[in-house]
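Colleague: I am new to this structure and would like a close look at one part of it. Please take me through that part and what surrounds it.

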Amino acid sequence: MDALIVTGGAGFIGCNLVDALNKRGIEDVLVVDALDNLPTRYILNKACLDMGLPLVHGAVHGFQGQAMTVIPGHGPCLMCLYGGSEHTGLIPVLGTAPGMVGCVQATEVIKILTGLGDPLLGRLLLIDGLAMRMEEIKVKRDASCLHCGKGADGAAPPPGVRESGSPDA
Ligand SMILES: [Zn+2]
């Protein structure tokens with residue numbers, strides 16, 4: 001299994017993950033979310049669910065960060081977590097926050113590749129750099145989720161995503 005790190009929201013917008021993987025002959029991968037916006041994350045989340053690929057999510061804001069792992073068919077996805085919400089405007093980030101979250105994501109990748117430990121399935125790890133604390137909250141799968149629940153078939157796209165699959169400008 002290989003790890004595919006997806007970065008740079010603008011560069012990924014409109015990219016067809018399935019085609020990109022097929023062109024490279026990649027079949028057995030896990031995906032690391034290093035994106036910077038929710039609309040693109042929703043596209044990545046759906047693509048990973050459709051392809052059955054594990055997704056290691058990470059996000060940062062200011063001194064804070066969070067991480068969660070999505071395994072299709074086992075626990076909640078990013079749409080269950082965020083419910084289609086999205087941020088507007090610039091998000092300030094202290095440079096150390098991506099470093100902290102990136103280390104958590106790298107650890108999740110190693111655990112999935114080796115089969116060791118317990119991945120962050122249904123558990124959102126919260127990192128508060130100001131208080132220098134970590135805690136986790138339980139995340140439940142949403143039965144009506146637009147991506148992994150009853151709402152997945154024929155549902156309208158999440159906010160910020162047009163019918164074509166590309167996020168709004
Ligand atoms: Zn879901």
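Which residue in E4 does valine 60 stand opposite?

Modeller: Valine 60 stands opposite glycine 65 in E4. Before going further, note that this is a predicted model, in which local features need pLDDT of at least 70 and side-chain atom pairs count only at pLDDT 80 or more, while totals for chains, interfaces and linings use all residues. Residues are numbered from 1 along each chain as its sequence is written. The pLDDT is the predictor's confidence in each residue, from 0 to 100. Its mean for the protein is 83, and 79% of the residues reach 70 or more. Over residues 156-169 the pLDDT is below 50. Where pLDDT is low, the predicted coordinates should not be read in detail.

Helices (H or I, at least four residues) and strands (E, at least two) are DSSP runs, numbered from the N terminus. E3 and E4 pair in the antiparallel sense over 7 bridges; two strands pair if DSSP finds at least two bridges between them. Their hairpin has 2 residues between the strands, and glycine 62 there takes a positive phi near 60 degrees. E3 also has E2 as a partner: 2 bridges join E2 to E3, and these two run parallel. Valine 32 has valine 56 of E3 as its bridge partner. From E2 the chain crosses through H3 to E3, a right-handed β-α-β crossover (with the strands pointing away from the viewer, the path from the first strand over the helix to the second runs clockwise).

E3 is largely enclosed by the rest of the structure, because 6 of its 7 residues are buried. Buried means that 20 or more other C-beta atoms, placed from the backbone, lie within 10 Å of the residue's own. H3 covers residues 38-51 and reaches 20 Å from its first C-alpha to its last, close to the 20 Å expected at 1.5 Å a residue (1.5 Å times one less than its number of residues). Just after H3, glycine 52 takes a positive phi of about 70 degrees.

The largest nonpolar core has 37 residues, of which Val31, Leu44, Cys48, Cys77 and Met79 touch the most other members. Such a core is a set of buried Ala, Val, Leu, Ile, Met, Phe, Trp, Tyr and Cys residues joined through C-beta atoms within 7 Å. E2, H3, E3 and E4 are among the elements that each supply at least two residues of this core, and H3 gives the most, with 7 residues.

Notes. Contact = placed C-beta atoms within 7 Å. Buried ≥ 20, exposed ≤ 12 C-beta atoms within 10 Å, placed from the backbone.
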